[in-house]
Structures are given as C-alpha cells and as structure tokens.
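Here are my notes on this entry, for your review.

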Amino acid sequence: MTSTSLDVERIRKDFPVLSRELPGGRPLVYLDSGNSSQKPTQVIETMREHLAMHYSNVGRAMHVLGSESTEAYESARDKLAAFVGAPSRDEVIFTKNASEALNLVAYSFGNRANTDPRFTLGPGDEIVISEMEHHSNIVPWQMLVQRTGATLKWFGVTDEGRLDLSGLPELVTERTKIVSIAHQSNVLGTVNPVAEVLARAREVGALVMLDASQSVPHHPVNVAELDVDFVAFTGHKMVGPSGIGVLWGRGELLEAMPPFLGGGEMIEAVWMDHSTYAPVPHKFEAGTPPIVEAIGLGAAVDYLTGIGMDAVEAHERELTAYALDALREVPSLHLIGPDSLDLRGGTLSFTLAGIHPHDVGQILDDRFGIAVRVGHHCARPLHLRFGIPATTRASFYLYNTTAEIDALVRGLHHVQKVFA
Ligand SMILES: Cc1ncc(COP(=O)(O)O)c(C=O)c1O
C-alpha cells in the first residue's frame, strides 16, 4: 500500500539523512521522530546561510549584520505565531525547548514577585496534571509544590490509554490553580479531550496549559481555537533544530507574570538595587537567544506550511492505520495505548512477551537499520501504571512509508525467532 495524501518520495529527497547507508550497507529506517525528527535541506541551508552571511547578535548591534540578524530572528517569531494561530506575535516566546517553556510557567506561580491572584499558590491550592505526562510536565510542578506547600494531583489513565475523566469534577475544583496536560501523549499516541478539561477548568477559574510537544509537529494546531492559556512545544520534533522551543501564552497573563531568567536584553532599566523589565516577549528572553536555531525553526515552519499540516496529519493517519493492522499480526505483541484511530496520533508503543525492549531495539538497529526508541520515554509514571519498566516505541512522521512499517514487522518477527 502506498500513501495517497503526500508525495512521500519527493519529501524524502528533502531529508539528506534518509538516503544514507548505515554501516554494512543497510538503509536507514527512521521510526524515532517522536524523540527527535530529521531535518530537511531547507532548514539546514537556512541555518548555514545565516551563519555564513548574516550572523550577528540580535536586538543590540547597530550595523547591517545586526539589523539583518534581528530581522530574521523576529520574522521567525511572526512565522511561529501564524503557524499556531497566535492572536499576537508578542505572545510567542522563544525558549530553549519545551521543558524550559513548562518550567517558565511553573515558576510564575507562588512567586512573591507575582501578586496576580491567579498565580498565588500556597498550602490548600492545587495543581492538576496527568499520569501520562512526559517528565517535563511532571517535575517542574513537583518542584513548585515542594517550594510552596501546594498539592499536586493527577488524572489517571484508563486501561485503553485514555485520560480517565471519570473523577473530573472532584479533581478539578475551586482549589485548582492550573491544569497542565499533554495534548498528545508521547507514549500512547492518545490525543486528549482538551475541550472537556477546559470547560471544567473555566467553571472553577483555573488556568490550562497544554504540552503540545507531540501535537504541533503532527496536526494543525490553533491556540486561539483551543482557547487554553499556555501552550509549550519544541523545535527539534518538528523538522527544526534542537536548542529552540516555544511558549505561547495569553498576552494579559504573560504581562502579569514575572520574568523567569534575568540578564541582558530582558530589562528596560537597571539600577544597583532594582530593575524594570522589557515588554513581553523580551521580558522572558534573557541574554543572547538561540538566534540561528530560531531562524531554523522559522524555516521548519515554512517547510511544514508548504506541505500543509492537514496533509501531514492525513499521511500519518494512513500510516497509523496501516501499522495498527500490521502489528496486530505479530504474535504476543501488546500495544500500550488506543488500538483504534480515534483520537490518536502516529506513536505506537508496545511490548513483546518475554523479550526486553532493549533487546528488541538493539536487534532492529544492528540487523535491519531500524531506529526505534526503547525505555520509558521520559514517562516513567505511565509505565509504572501499566506495570512495565519499558516499551518499544515506533513513531512516524511525514517522511515515513508503509514499506518501513513492513520492515519493522519483519524485524519484530526476526526478534521473536532469535528469542524462541
Ligand atoms: C510530550 C513531551 N513533552 C515534553 C518533551 C520535552 O521536550 P524537550 O526535551 O525538547 O524539552 C517531550 C520530548 O520528548 C515530549 O514528548
């Protein structure tokens, strides 16, 4: 079966690494984009060209290169704002990754520099997350409740790998200050029902943050339509470089929040005993930012927009349907997460009875050049919930093909023979 939604063969030519041979002449089968995606020539060349011909610091250099660099950096912000439907470009803050964006928001709570009642936090107040979160959306909140004496609560996960909303009214209450959940799980592939959670949060006056690290690269995402308060995502999973992430936040909330890191370029004026701060977004971008990385992410957004996020989503849906069928044929394979296409993305995690995922990953790599991720995928509590230490995860992107899924299935049959 070949995909009908995208010209995948043409797309694959944009990604130099996909035509690489691995040692021993094996072709590369890259099924680890949920971890980090590959980069097209358009992104690589934009970054190279900027470094070679335009590079300078941004926002402060009074010369041609300074203005070219500033212009390219700020135009990347425009592109990101348009890509996620941000009402204002100033609501897009460049961070170093999604983890930093999540930490930035967590830091705003219970901070004496922030007197806005929506952000005050102490004993009796609650933060709600879920059991399917990546560690990046768990640990910052654990650190926050340790600092403030507030309480951390979480949604459970059903056996099918869905957010358990059965206790929603008891979990999200007048005591809740913020609900922070994944838009799409990096292990289960589950896409969470944001509207339902948001409706309850609005009833009780709580803020809502989405960790969209696994949704923005794969689906059309519009922050204004989602109507949440904060969205975090990361460049390296969306054909962009590492070292750059994004926090989108509602303008009036960002105004109310204190800066996260102090340093150059985030200030308005500095005295020896106090400072005043630059307007949003610069208030949150202390020091020399990841200039070339932001520009590279702008090129990534151009690339994805050129293909169309509807087409990317449709292609991955076809791959996921194909993979769900194909994996069902592998004996003693147990999928962790929804086994229907309903509200799920192209991330499939599974176990093979009696075989450790590390052995699965090693044989797939050594013998067939198939790159998957093995382990707990930075979601240890979720694995504990399912009573397993680790899974093997195949994750798809716009450049993957059904032939690669066939190769995975053949590889898994081989792994089973080795351990028979
Ligand atoms: C759902 C989710 N959240 C957060 C992150 C963290 O992204 P980063 O390491 O770029 O901060 C990841 C990365 O794997 C992820 O999958």
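**Notes on the ligand site and salt bridges**

1. The ligand takes up the space of the largest pocket. Keep in mind that this is a predicted model.

2. Which residues surround the ligand? The shell consists of N97, A98, S99, H134, S136, N186, D211, S213, Q214, T234, H236 and K237. By class, nine of these residues are polar, two are charged and one is nonpolar.

3. D211 places a polar side-chain atom 2.5 Å from a nitrogen atom of the ligand. In the side chain of K237, an N or O atom is 2.5 Å from an oxygen atom of the ligand. For H236, an N or O atom of the side chain is 2.8 Å from a ligand oxygen atom. The distances to D211, K237 and H236 fall within the 3.5 Å cut-off for a polar contact.

4. How much of the ligand's accessible area does the protein cover? On its own, the ligand has 390 Å² of accessible area, and the protein covers 90% of that.

5. Now the salt bridges. Side chains of opposite charge can pair when their charged atoms come close. The count here is 21 salt bridges, with a cut-off of 4 Å. One of them joins the side chains of D32 and R393, at 3.9 Å from N to O. D32 sits in the loop between β3 (29–30) and α2 (41–53), while R393 belongs to strand β17 (residues 391–395), so this pair ties together parts that are 361 residues apart in sequence.

6. For a check in the viewer, start with D211 and the ligand nitrogen atom at 2.5 Å. Then go to D32 and R393, with N to O at 3.9 Å.

Conventions:
Residues are numbered from 1 along each chain as its sequence is written. This is a predicted model: local features need pLDDT of at least 70, side-chain atom pairs count only at pLDDT 80 or more; totals for chains, interfaces and linings use all residues. Side-chain values use heavy atoms; hydrogens and water are left out. A residue is near a molecule or strand if one of its heavy atoms lies within 4 Å of it. A polar contact is a pair of N or O atoms within 3.5 Å; within protein, one must be able to donate a hydrogen and the other to accept it, and residues adjacent in sequence count only if both atoms are side-chain atoms. Accessible areas come from the Shrake-Rupley method with a 1.4 Å probe; for residues, only the protein chains shown count as cover. On a 1 Å grid over the protein atoms alone, a cavity is a set of points where a 1.4 Å probe fits but cannot get out, and a pocket is an open set with protein on both sides within 12 Å along at least five of seven lines; lining residues have an atom within 4 Å of a point. A molecule sits in a cavity or pocket if more than half of its atoms lie within 2 Å of its grid points. Ala, Val, Leu, Ile, Met, Phe, Trp, Tyr, Cys and Pro count as nonpolar, Asp, Glu, Lys and Arg as charged, and the others, Gly among them, as polar. Helices (H or I, at least four residues) and strands (E, at least two) are DSSP runs, numbered from the N terminus.
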